[in-house]
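Here's a quick briefing to read with the model open beside you. Take it one topic at a time and find each residue as it comes up.

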Amino acid sequence: MKQLIVITGASSGIGAAMAKAFSAAGHPLLLVARRIEAMKALALPNALCLSVDVTDGDQLKQAISRGVAQFGPVGCLVNNAGIMLLGQADKQDPSEWAAMLNVNVMGVLNGIHAVLGNMKQRKTGTIINISSVAGRKTFPNHAAYCATKFAVHALTENIREEVAMDDVRLITIAPGAVETELLSHTTDEEIKAGYEDWKAQMEGVVDPEVIAAAAMFAWEQPQSVCVREIVLAATRQQ
Ligand code: NDP
């Protein structure tokens with residue numbers, strides 16, 4: 001039996017593409033996000049879909065326990081759930097910064113907290129954290145989003161070093177712009193329009209399936225090999 005893969009933010013975009021890719025490879029899945037119907041609509045076999053807000057650590061832990069009870073230990077957790085609310089530092093409502101920090105940083109830490117102890121005990125396991133090119137360089141109007149994604153790089157690498165001798169792998173995947181719902185939550189219409197112009201200048205960004213294939217590549221290496229970081233973007237992206 002193939003190992004259980006847990007994917008957060010599987011109701012759209014990159015998470016949904018990863019769910020399809022891991023399912024096609026024969027893995028049972030635990031899919032979590034708030035929109036349960038969208039995950040069920042993927043209609044994947046051996047997939048438990050649960051409505052979870054990743055900012056609620058207890059809720060996430062309970063969901064993972066249900067997945068483990070049904071399918072066995074977690075082989076890989078993909079911390080993918082994230083939001084991007086772009087804004088000017090002097091104008092943006094600070095509640096938007098708090099929301100991003102909660103989902104993009106606390107959500108990732110909550111996921112790690114839920115699985116890491118068991119992985120260390122079993123001396124195996126993989127955690128893939130989805131960061132961004134915005135976790136490697138800055139962009140206008142991205143200050144708080146960049147802060148969350150720089151944090152994902154930092155915490156992933158930090159914990160990777162801590163658990164390396166336990167044979168647990170931590171991996172960062174940092175995509176450039178991908179065609180998903182991510183931009184739709186930004187409330188500043190001018191910034192949104194500017195972002196769309198920037199994408200149009202590239203004449204096409206990366207498809208979610210490309211990111212899913214990168215996650216699959218990292219996962220499929222032998223457990224003794226850790227692909228620490230993959231940064232990938234459209235060739236034309238600056
Ligand atoms: P989408 O908006 O399409 O997907 C985001 C996913 O996160 C949804 O499934 C959403 O589900 C979930 N999510 C958001 N908030 C929560 C929450 N509180 N609890 C549980 N799930 C939540 O965007 P993408 O697919 O693009 O984003 C996936 C990841 O990729 C994010 O971390 C993003 O930062 C990163 N990324 C995206 C890039 C892009 O250009 N698209 C570039 C680089 C990185 P629901 O609303 O149902 O809860």
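Start with helix α3 (residues 57-71) and helix α4 (residues 94-122), whose axes come within 9 Å and cross at roughly 40 degrees. Keep in mind that this is a predicted model. From there, we'll move on to another helix pair, a serine in a loop and the ligand.

**How α3 meets α4**

- The crossing of α3 past α4 is right-handed.
- On the α3 side, look for Gly 57, Leu 60, Lys 61 and Ile 64. They meet Asn 110, Gly 111, His 113, Ala 114 and Val 115 of α4.
- Sort that contact by class and you get four nonpolar, four polar and one charged residues.

**How α1 meets α7**

- Next up are α1 and helix α7 (residues 208-220), which pack at an angle of about 55 degrees with their axes 8 Å apart.
- That angle makes α1 oblique to α7.
- Here, too, you're looking at a right-handed crossing.
- α1 brings Gly 13, Ile 14, Ala 17, Met 18 and Ala 21 to the contact. From α7 come Pro 208, Glu 209, Ile 211, Ala 212, Ala 213, Ala 215 and Met 216.
- By class, this contact of α1 with α7 has 10 nonpolar residues, plus one polar and one charged.

**Ser 11, in a loop**

- Find Ser 11 in the loop between β1 (4-8) and α1.
- Is Ser 11 buried or exposed? Ser 11 has 25 C-beta neighbours inside 10 Å, so it counts as buried; the cut-off for that is 20 or more.
- Ser 11 and Ala 38 sit 27 residues apart in sequence, yet their C-alpha atoms are 5.1 Å apart in space.
- Leaving out residues up to four places away in sequence, Ser 11 touches Ala 16, Ala 33, Arg 35, Ala 38 and Met 39.

**Around the ligand**

- How many residues surround the ligand? There are 29 of them, and the closest are Gly 9, Gly 13, Arg 34, Arg 35 and Gly 82.
- Helix α1 (residues 13-24) gives the most to this shell, with three residues.
- The shell's residues split into 14 nonpolar, 11 polar and four charged.

Note on methods: Residues are numbered from 1 along each chain as its sequence is written. This is a predicted model: local features need pLDDT of at least 70, side-chain atom pairs count only at pLDDT 80 or more; totals for chains, interfaces and linings use all residues. A residue is near a molecule or strand if its C-beta atom, placed from the backbone, lies within 6 Å of it. Helices (H or I, at least four residues) and strands (E, at least two) are DSSP runs, numbered from the N terminus. Ala, Val, Leu, Ile, Met, Phe, Trp, Tyr, Cys and Pro count as nonpolar, Asp, Glu, Lys and Arg as charged, and the others, Gly among them, as polar. Axes are lines fitted to C-alpha atoms, for helices over the stretch in contact, and angles run from 0 to 180 degrees between N-to-C directions. Angles under 35 degrees count as roughly parallel, over 145 as roughly antiparallel, 65 to 115 as roughly perpendicular and the rest as oblique. A crossing is left-handed if the near helix is turned anticlockwise from the far one by less than a right angle, and right-handed if clockwise. Two residues are in contact if their C-beta atoms, placed from the backbone, lie within 7 Å. A residue is buried if 20 or more other C-beta atoms lie within 10 Å of its own, exposed if 12 or fewer, and partly exposed in between; C-beta atoms are placed from the backbone.
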